[in-house]
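Okay, thanks for coming, everyone.

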Amino acid sequence: MVMNGINPVSESLVRWIQQQIDERRQDYELTRQYYQGEHATALTDRLKKFLPPNLAFRDNFMNVVVDALAERLKIIGFDSTDEPFGEWAWNLWQENRMDYEQVVIHTETILLGDGYVLCDWDPEFERPRWTHQPAEMIIPHYSETTRKIDWVSKKWIQKALGEEPETRLNLYYPDRVEKYIASGGVWTRYQDEMDEGWPVPWLDRSNQPLGIPLIHFKNRPMNGDFGQSEIIQVIPMQDLLNKSLIDLTMILDTLAFPQRYTLNVNHGASRLDILPGSVTEFHSEYDGGQVGQWNAANVDGPLKSIQEIVSHIAGTTRTPQHLFQVVGGLPSGEALKTSESGLVQKARQRMINFGNSWEDCILTAARIQNAFGPSVVDLSDVGHLIETTWDDPETRNDQAFMESLKAKAELGVTKHQIWRELGYNQEQIDQMDNDGQVERQQETNIGAEIIRNFQAGEI
């Protein structure tokens, strides 16, 4: 490891990056907490007696909003004008186990508004590698003129077993990576043992920039540098829902049963706790005794209020109502299609934006492959080189689904793509290809045997 001092300009730069990260982290932490159900709630002293000791009493629909959309986003293949390149891209996808990793990235992008994938070279397996990068660590720096990323900063705390934690900072440029470390509050240059100088060059075999290796996924970007969380707009509704649930609990605790009282009747049984069967004793300066009862409270109003809040969350986020609570059974047929139309449309919109980002990941990986391993494709013309294929976001009607696949086949869609849409992975597809070749060979052998027997007069 080699450390060198940095100039005041670089020092100012890393401090500015720290400020930017701190501001973004607040929003990320808030949405993560609400997704996980960590909502701040306030209970009365009485409710604290029988509700959880951490004073947390809440219902959580924020994870439903996020997961309902993320579950509709599933990549099933890549189409390319160059078929071998398309196969290479899908094989690389499988080798990196992106069938699961895509779920993590889609979910985080929808939840936080931003997600990031780092594309680099894996020296162990000698292939490009994709890794999810927590959004709290990353700041993309966009050009004010082109609105494209000029460079990306990644800041994190690194702690080895038995050692003091270290604050690290990497700056990713199209042609290099600058590494820094903070020691005693002072930033200095950092160089790993395997680094070829400082900064680390990031160039292809022709000494041309490989491009920024961090890909930015944005949810609802709205022409800004960052995306928007899918739940940030309904967090106040979640708070109101928790408040309404506490109100309902208080009503059920104190007014869900008839309560008896006495006035100027000393029966020695007065209680401060309001419990079923208890009698509350009152005294006044007026003569005369009285015994009475308050009827149980009607909770229809609070229950309806809770239902309306849930409906508001569903409507605002375009999440089907039946995913929050099933009342009278699940919708089916046309009713199901209508109820899910908003969610499906949201999913299709994300497929466009997220798909472009995944295609950037593929092309970045191809440049890295060409630079550090055997070349896979000529990247001089990448106009329509690769396109992401998504699973249908609509709830499947099996008969209509099979008819649509038949129509696609008649239009010339490859059998491999049809098999992917049916849910088969690449290993299963390869096995079906092999099985098909064996069956065709067997049929050829049988046909040849029949002809020989016929010519020999045995048939």
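This is a predicted model: local features need pLDDT of at least 70, side-chain atom pairs count only at pLDDT 80 or more; totals for chains, interfaces and linings use all residues.

Let's start with strand β6, residues 166–172, which is mostly covered, with 5 of its 7 residues buried.

Who are its partners? On one hand there's β5, residues 149–158, which pairs with β6 in the antiparallel sense over 7 bridges. If you want a spot to look at, find Gln 158, whose bridge partner in β6 is Glu 166. Then there's β7, residues 176–183, also antiparallel to β6, this time over 6 bridges. β6 and β7 make a hairpin, with 3 residues between them.

Okay, next sheet. This one is open and has 3 strands in the order β3-β2-β10, with antiparallel pairing. β3, at 127–133, and β10, at 214–218, are the edge strands, each pairing on one side only. On average, neighbouring strands here are turned by 25° against each other, ignoring direction. β2 covers residues 114–122 and is joined to β10 by 5 bridges; within that pairing, Tyr 116 has His 216 as its bridge partner.

What packs on this sheet? Helix α9, residues 341–372, which touches β2, β3 and β10. The helix direction makes about 175° with that of β10.

Now the inside. The largest nonpolar core has 70 residues, and the ones touching the most other members are Phe 85, Trp 130 and Trp 358. α9 shows up again, giving the most to this core with 12 residues. There's also a second, separate core of 10 residues, including Ile 139, Trp 151, Tyr 173 and Trp 187.

Let me zoom in on Trp 130. Leaving out residues up to four places away in sequence, its contacts include Leu 92, Trp 93, Met 98 and Val 117.

The cut-off for a disulfide is 2.5 Å between the sulfur atoms. And searching the whole structure turns up 0 disulfides.

That's my tour. Over to you.

Technical notes
Residues are numbered from 1 along each chain as its sequence is written. Side-chain values use heavy atoms; hydrogens and water are left out. Two strands pair if DSSP finds at least two bridges between them. Helices (H or I, at least four residues) and strands (E, at least two) are DSSP runs, numbered from the N terminus. Axes are lines fitted to C-alpha atoms, for helices over the stretch in contact, and angles run from 0 to 180 degrees between N-to-C directions. Contact means heavy atoms within 4.5 Å. A nonpolar core is a set of buried Ala, Val, Leu, Ile, Met, Phe, Trp, Tyr and Cys residues joined through side-chain atoms within 4.5 Å. Buried means under 20% relative accessible area, exposed over 50%, partly exposed in between (1.4 Å probe, protein chains only).
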